[in-house]
Amino acid sequence: MYKIGLTLLLCVLAAANESLDIDRYQRLMQLRPLAVEFIDYYRNISSGDLLTPGAGLPNQQDLQCLTEMAMLSQGVQTGSIWALRMIDSWGRLPAGMLYGNRKDLGNFDECIRVDQLAASTGQSLRGKYCMAKVLSASMLGGNVGALGMMSVQTAVCLPASCTGEHMETLLRQFFKQLLNIELSTETQLINDAKCQTAERESLDGLAIFTIVLMCVLVAALLLATLYDYFLCADQKHLPALVKVFSARANSRSLFRIVDSKTNPNVIDCLHGIRCLSLIWVIYGHDYFMQAVSPNINLVDVIPWYRSPFSMFIVHGLFSVDTFYFLSGLLVVMVALRSMERTKGKLNVPLMYLHRYLRLTPVLAFAILCYMRILPILATGPLFKGLASQLSAPCENNWFLTLLYVQNYATNTVCLPHSWYLAVDMQLYIISPLLLIALYKWGKKAIAGIVVLMLLLAACLFSMMVVRGYSLSSGGMSNEIYFTTHTRASPWIIGLIFGYYLHVNRGKTVKLNPVTVWLGWLISLGLIFTCLFALYPYQANGNPLHIVNEAFYVTLTRIAWPLALVWLVFACKYGYGGLANSFLSSPLWQPLSKLSYGAYIWHILIEILNSGITRTSTYFSNYQVMLRFWHDFGFTILLAYFMFILVEAPFGGLEMLLLPARAPKAQPPPVAQSVQSKSPITEPEPSSIEIAPALEPKTAPIS
């Protein structure tokens with residue numbers, strides 16, 4: 001996703017070397033006080049200005065808009081403060097357009113807070129805030145194709161009774177008269193769906209249901225917590241339902257630190273790997289959100305993209321492979337130990353049901369919140385457009401997300417970052433076949449699984465070469481990025497490595513120093529090759545030949561998890577050194593348990609914080625770091641709240657209602673490596689996702 005989004009921004013580089021019509025550019029520069037020119041031009045507005053030729057007689061809406069426009073013009077001439085505020089709230093032509101500044105947000109609050117009673121009609125004249133396209137290739141002339149795509153927008157404020165069509169007509173006539181520019185009918189200057197007023201849409205039935213459901217859950221949490229705190233002295237005798245909903249009990253379980261010395265099967269370093277990958281997710285998404293913000297220095301994206309540091313962001317997609325690796329590893333280790341206790345029996349329906357019930361309540365509640373709660377949380381110049389890109393696809397496709405088939409079934413995914421859950425669920429569905437094969441045939445099954453992985457890798461390679469699918473161009477990436485059969489290699493490698501750890505559990509592995517150093521050198525070599533193999537070739541904007549890209553994509557999806565194999569192996573068997581001390585710190589455990597919630601909710605926080613932006617921003621690594629810390633902090637707070645409100649209670653209810661998957665006398669020990677012993681707070685392993693998932697299959701968020 002980062003490649004696709006940043007590739008579009010790199011078009012500015014091409015535009016910098018192109019020419020433009022100097023006369024038109026100079027005339028545009030004379031329009032910097034755009035609002036003053038506009039109101040002066042329409043000093044004596046008539047219905048002929050408001051209606052397009054052949055539109056017929058004006059209707060009631062047209063007449064009201066005409067009346068309020070005349071009232072606005074008169075108010076400006078008489079110096080009325082409300083009218084001057086409407087004009088004052090307009091944006092200008094952005095200073096530094098040739099430096100990438102393509103949006104002037106004006107003053108959003110000054111516009112929408114205008115509320116003036118019209119004596120002639122007895123109705124209130126309210127301000128309506130819109131972003132209008134004021135500059136494109138057709139308006140500049142010359143050879144500016146790339147710059148034309150990066151159109152310049154500015155804020156306009158007109159009476160709320162005027163529709164987007166009215167505004168469009170007025171602006172077209174304005175540009176034609178003052179600049180002698182005849183705009184194409186295909187060029188849309190105003191998107192009325194993104195215009196905003198102070199009035200809020202009334203809550204529909206689904207929004208009311210979501211709010212009521214949240215209130216019910218909060219009430220259950222408060223009652224259970226109060227009972228736990230004041231009426232129950234002995235936590236061992238806490239009623240089951242109270243324990244399920246009690247914030248005190250769930251928080252205690254969340255922050256309980258599990259000592260790996262009490263269980264040799266615990267792999268502590270998985271906590272650190274999981275948390276660092278989650279941080280990579282949020283940090284990478286923040287770079288994308290910063291890149292599509294109203295930056296005054298968009299051209300600085302070019303030198304940033306050419307820097308070695310950008311490779312950590314552009315190739316942040318490898319964190320996806322990290323979570324597939326963890327998923328495959330944990331699935332096989334937990335399942336095989338359970339199968340040993342049951343002599344090879346595997347309750348597949350219960351296994352599927354447990355997985356579905358662990359993931360879906362949080363996901364379903366998130367869909368409701370993204371659809372109905374996010375759009376009413378805040379206001380801002382960009383908020384409505386950003387929020388609608390997340391909520392609109394859910395109107396028709398929410399059920400596909402709950403069925404975990406959205407990566408194949410639609411191009412407009414509800415919760416665009418949920419595609420990872422679909423792939424992970426589909427891999428989980430086929431896992432019983434591989435688990436039974438591993439249990440019955442052992443190493444022979446490993447050989448067959450390796451062949452399967454190579455065939456899937458060959459499938460990915462051939463799809464890219466034969467059909468021309470590419471990740472770098474952004475044209476056909478969906479078929480090779482979001483599909484399960486092209487993303488299975490890391491999961492299979494995790495499965496194989498998990499089988500190795502299972503059959504060698506309790507054993508001590510002795511390696512000489514040369515082997516240890518060689519292992520670390522190969523592992524680090526694979527990691528840095530995956531990240532920097534295309535630098536500086538790709539950073540300079542040189543397109544890869546499709547065969548070269550196919551080799552890179554195919555091999556790195558195998559190389560990255562192989563590097564992780566050594567990392568986990570070394571940390572588990574005492575050869576991790578400083579890396580193991582860092583990754584195995586007990587401080588990672590609470591954050592690791594919140595990782596699924598943080599994955600689900602971090603996009604909401606990022607959209608919220610980006611949408612409330614009132615002024616232009618500045619792109620730099622330091623600014624993104626500042627954005628990251630407040631996004632990450634609020635994400636963890638929201639994830640914790642949703643953990644005690646939804647995730648832990650529904651997980652506890654599921655464990656109470658369904659039969660246990662394993663004898664209670666010996667709970668699956670390997671699962672302790674990523675979760676606490678309490679079944680109520682058991683998080684789903686590897687249910688986290690990375691940078692490209694922010695991207696809907698149709699277009700990046702902008």
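The model is predicted, with local features needing pLDDT of at least 70 and side-chain atom pairs counting only at pLDDT 80 or more, while totals for chains, interfaces and linings use all residues. Residues are numbered from 1 along each chain as its sequence is written, and side-chain values use heavy atoms, leaving out hydrogens and water.

I then searched for salt bridges, taken as a side-chain nitrogen of Lys or Arg within 4 Å of a carboxyl oxygen of Asp or Glu, and the count came to 13.

R358 pairs with E654, the closest N and O atoms being 3.9 Å apart. Because E654 lies in helix α32 (residues 621–657) and R358 in helix α19 (residues 348–373), the pair ties together parts 296 residues apart in sequence; helices (H or I, at least four residues) and strands (E, at least two) are DSSP runs numbered from the N terminus. E654 is buried too, at 5%.

Next I noted that salt bridges with shared partners join D109, R113 and R614 into one network.

I also checked R487 and D321, whose side chains meet at 3.0 Å, N to O. R487 is buried at 1% relative accessible area, and D321 is buried at 1%.

Last, I recorded the salt bridge of D115 with R126, at 3.3 Å between the closest N and O atoms. D115 lies in strand β2 (residues 115–117) and R126 in strand β3 (residues 124–135), so this pair links parts eleven residues apart in sequence. D115 is partly exposed at 41%, and R126 is partly exposed at 25%.

Conventions
Buried < 20%, exposed > 50% of the residue type's maximum accessible area, 1.4 Å probe, protein only.
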